[in-house]
Amino acid sequence: MRSIVLAVASGLLLPFCFPKFDIGLLAWVALIPLHLALDSPSKWRAFRLGWLSGTIGFTGIMAWVVTAMHTYGKVPLLVAYAVLLLLTSYLGLFVALYSAGYVWFRSLIPRYGLFVAPCLWVTLELARTYLFSGLPWSLLGYSQYRQLDVIQIADHLGVYGVSFLLVLVNVAIAELIAWLMPLFRGFVPARLPWELVTTAAILLGLSWAYSTSLIVGEGFQTPKTSLRVGVVQPNVDQSIKWDPAHRDDTLLRYDRLTDTLGGGADLVVWPEAATPFFFEREPEYQLRVLAIANRASAPLLFGSPAVRFDNERRPYLLNSAYLVAPGGTLLGRYDKQHLVPFGEYIPLKSSLLFFLDKLVEGIGDFQAGPGPTVFSFMPRQAQAAGEGDGGRPVKFGVLICYEVIFPDLVRRFAQNGAEFLVTITNDAWFGESSAPMQHFSMVVFRSVENHLAFARAANTGVSGFIDPFGRILDTSPIFTQTAMQAAVPVLQPHTFYSRHGDVFAYGCVLICAVLCLFGLFRTEGPEPDAIAATPV
């Protein structure tokens, strides 16, 4: 019973580490109760405790799924709760596997096996990023998005490096508590775990020292070049977004809000699917959008669905972002690569899931675009400190909605020469839940990983700006109409992460794989639970 209470305690603590509660410091200790619960060598028992803890934690973090499904997907409330539990039970499996691996590694290499525990956590977070289309929502490292004096290591290690550090500190403190209090000792050796505690303290200190050195550096304080970027948050209700009767009102709202920017922006950004029509196929409305760009005297970036035809002339849809110049010239189009399962398409719809419909009401199922596209435009008022280079075209990349939570996808834009990044989204279907801020918080790490600034335009919020080191420059309240602008730094730093990607995370995978092979070839007796059940 004590172990169950401890596992439940960690599960209850985890949601408080993320928005809305936003107590990031709690993540440094939230997993301690779970580790104290794993005081037996039984892997199956550890699996059950981890599953319980993880399911509770993810249920608290992702409770917004019910809002999305019931309010906007028109799914009955009980079914929405059932789907939430199914999803969080799946996500809880990653904590279950971690817990089982934790006690296994500890038994394989007594005293030193726990050094591999953070590698196992990172391995499972990496798996969650890609498995079944991927759902790297609220990875543990994201809880530190406001701790700029710690997270700068992400420019080498990615968000996974911060998760690694958090788990290492949790494990070290848990082992120290187990040594100090025999009640929690279980089968842990009764020796001071000084190696583990010392390693955690050293790595935490190095992370702080590195982060602080960047924060106080010249690049953090004064960007060499910046440009004014304006973002528009129209707050168009999801229930009328695709209603043809509201097209005129929607465009008038965009026109009015864009006008409040005062014509001083070098780039104006509207949200994902801003035009409730096919921009390429509606000449009348197309001209109205171009007229707004003309009045703004700046390139306009906006989202709009696009239709294309395959070789057999069958139509398919794309979720696209268009960049148009004030004179009406199309400067480029980007098609979303990573689609939202059950939001933009139904996986296995033709066979297994034929009875489901999408959660977000719209115009049909979408297909993925070909790859990262970097836009280029000539800024009108590039503001530089020192010698200016405002006559040079500026390159930037666009991420649409869900794409921004995938670290490797974002870094490909940096590899292709982007000097700042934009993300456009429609988070209306999250409702007034924790999800809009959770979604925004993950953008902070994409800035730090690549040392590129972000501008974010969201239909209902959160819109805002983030500098290349993860500092939040400005944000908007959700479900409000607003337009805002900021000086966005323009850099092309090519961080270690943007050049090499998740080598740290894959290194953790390799370490875990080697230890697993060692364990599989090592002669072991049966599980303690099995021994107890074996008749004499």
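Modeller: Helices (H or I, at least four residues) and strands (E, at least two) are DSSP runs, numbered from the N terminus. On that basis the secondary structure of the protein comes to 17 helices and 13 strands. This is a predicted model, in which local features need pLDDT of at least 70 and side-chain atom pairs count only at pLDDT 80 or more, while totals for chains, interfaces and linings use all residues. Residues are numbered from 1 along each chain as its sequence is written, and side-chain values use heavy atoms, with hydrogens and water left out.

Helix 1 covers residues 2-13. At 1.5 Å a residue (the expected span is 1.5 Å times one less than the number of residues), its 12 residues should span 16 Å, and the end C-alpha atoms are 17 Å apart, which agrees. Within helix 1, S3, L6, A7, S10 and G11 are buried, where buried means under 20% relative accessible area with a 1.4 Å probe, protein chains only. Seen down the axis of helix 1, these buried residues fall within an arc of 140°, so they line one face of the helix; the arc is that of the directions from the helix axis to the C-beta atoms. An α-helix has 3.6 residues a turn, so residues three or four places apart point the same way. The buried residues of helix 1 pack against helix 2 (32-37) and helix 3 (43-61), with contact meaning heavy atoms within 4.5 Å.

For the protein as a whole, buried residues make up 55% of the 536 residues. Among contacts between residues at least 6 apart in sequence, 71% join residues at least 24 apart.

Conventions. Buried means under 20% relative accessible area, exposed over 50%, partly exposed in between (1.4 Å probe, protein chains only).
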